[in-house]
Amino acid sequence: MEQELAPPRAENTLAGHKRNRPFKKAWRKIRQPLAESRFAKGAIASLFAQALRFIRLTNPPAKGSASISGGEYADLEPGIIALWHGQHILAPVFYPQGRPLVAMVSRSADAELNALMVEKFGIEAVRGSGGRENARHLDKGGAKALIALKKALVAGKNVAMIADIPHGTPRDAGLGIVLLARLSGRPILPAAITTSRRKILERSWDKTTINLPFGRSSIVVGKPVFVPADADDAEMERKRQEVTDSLNAATERAYKLADAGK
């Protein structure tokens with residue numbers, strides 16, 4: 001009986017693939033022009049920014065969530081805000097307006113949309129990747145980005161940086177952010193932001209979290225990490241692990257606060 005039913009299923013699958021071919025071909029034709037169109041990318045970035053504003057509006061803060069709009073962390077500013085890949089999406093919309101911020105954004109083509117979006121919130125984007133495993137061997141783009149971030153800190157601006165290495169081990173800090181702290185003398189502020197209603201993309205390498213409206217939000221700022229100017233390789237590694245531990249603790253705490261009362 002199963003042998004009799006198998007061919008129709010195969011035919012149906014084949015027919016489905018054939019029906020999808022026109023859509024795939026059409027998408028391939030428009031994908032490249034969209035990728036090259038500054039207007040299209042700007043429009044998409046604006047839509048994403050509005051979506052983030054709606055998510056914040058419909059997610060009041062949970063009890064115990066940090067208040068970052070006041071002067072609670074003024075004595076630690078300018079500081080280096082550390083975030084995890086895939087958990088950073090809400091940062092631009094929750095960052096206090098009127099407080100200067102410079103964010104490092106990857107130089108990859110996929111991250112260009114992210115750079116355009118953060119600019120919608122008045123945040124300056126610096127393109128580069130500062131999470132290299134060996135801080136002594138940053139690529140040219142990463143080195144330039146770290147120099148730009150250091151200058152921003154000297155000018156009194158906060159900076160934001162993804163702590164873990166792209167497509168590396170998720171939620172394990174690289175040395176780039178530790179190097180910036182050593183060079184600038186400014187503290188690393190591990191931060192986590194989430195919502196009670198969310199969708200986790202389990203197949204993504206960093207378990208990207210898509211935050212949803214109509215829930216509760218929570219913000220946690222973890223234990224600051226200070227890196228001495230004379231830190232040697234062993235001390236840099238200890239500080240890298242300290243950033244990892246503090247940021248993971250902040251992330252766990254943020255999820256617990258948002259999920260309380262579910």
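Leu57 is exposed, at 69% relative accessibility. Here exposed means over 50% relative accessible area, buried means under 20%, and partly exposed lies in between (1.4 Å probe, protein chains only). Leu57 sits in helix H2 (residues 38–57). Helices (H or I, at least four residues) and strands (E, at least two) are DSSP runs, numbered from the N terminus. Leu57 also belongs to a nonpolar surface patch with Phe54 and Phe214. Together the three have about 370 Å² of accessible area. Such areas come from the Shrake-Rupley method with a 1.4 Å probe, and for residues only the protein chains shown count as cover. A patch takes residues with over 30% relative accessible area and no salt bridge; like charges are joined within 9 Å, and nonpolar side chains (Val, Leu, Ile, Met, Phe, Trp, Tyr) within 5 Å.

This is a predicted model, in which local features need pLDDT of at least 70 and side-chain atom pairs count only at pLDDT 80 or more, while totals for chains, interfaces and linings use all residues. Residues are numbered from 1 along each chain as its sequence is written, and side-chain values use heavy atoms, with hydrogens and water left out.

How far can each part be trusted? pLDDT is the predictor's confidence in each residue, from 0 to 100. The chain has a mean pLDDT of 85, and 79% of its residues reach 70 or more. Confidence is highest in strand S1, at a mean of 98, and lowest in helix H1 (residues 2–36), at 52. Over residues 1–8, pLDDT stays under 50. For that stretch the model has zero contacts beyond four places in sequence. A contact means heavy atoms within 4.5 Å. Where pLDDT is low, the predicted coordinates should not be read in detail.

Now take the whole chain. Seven helices and eight strands make it up. Of its 262 residues, 45% are buried. Its accessible surface comes to about 14800 Å², and carbon and sulfur atoms account for 57% of that. Look at contacts between residues at least 6 apart in sequence: 74% of them join residues at least 24 apart.

Next, go to strand S4 (residues 158–162). Five of its five residues are buried, so S4 is largely enclosed by the rest of the structure. Both of its faces are covered. Asn158, Ala160 and Ile162 are buried on one side, and Val159 and Met161 on the other. Which strands pair with S4? One is S1 (residues 80–83), parallel to S4 over four bridges. Another is S2, also parallel, over three bridges. Two strands pair if DSSP finds at least two bridges between them. Val159 in S4 stands opposite Ile80, and Val102 also stands opposite Val159.

From S2 (101–105), a loop runs to helix H4 (112–119), and Arg107 lies in this loop. Arg107 is partly exposed, at 47% relative accessibility. In H4 itself, Ala115, Leu116, Met117 and Val118 are buried. The buried residues of H4 pack against H2, helix H3 (91–94), S2 and strand S3 (124–127).

In a salt bridge, a side-chain nitrogen of Lys or Arg is within 4 Å of a carboxyl oxygen of Asp or Glu. By this rule there are nine salt bridges. One of them joins Glu112 and Lys41, with the closest N and O atoms 3.0 Å apart. Glu112 lies in H4 and Lys41 in H2, so the pair ties together parts 71 residues apart in sequence. Lys41 is buried, at 13% relative accessible area. Glu112 is partly exposed, at 23%.

Glu77 and Arg99 form another salt bridge, at 2.9 Å from N to O. Glu77 is in the loop between H2 and S1, and Arg99 is in the loop between H3 and S2, so the pair ties together parts 22 residues apart in sequence. Glu77 is partly exposed, at 26%.

Finally, Asp172 bridges to Arg240, with the closest N and O atoms 3.0 Å apart. Asp172 is in the loop between S4 and helix H6 (176–184), Arg240 is in helix H7 (residues 233–259), and 68 residues separate the two. Asp172 is partly exposed, at 26% relative accessibility. Arg240 is buried, at 11%. Salt bridges that share partners join Asp172, Glu237 and Arg240 into one network.
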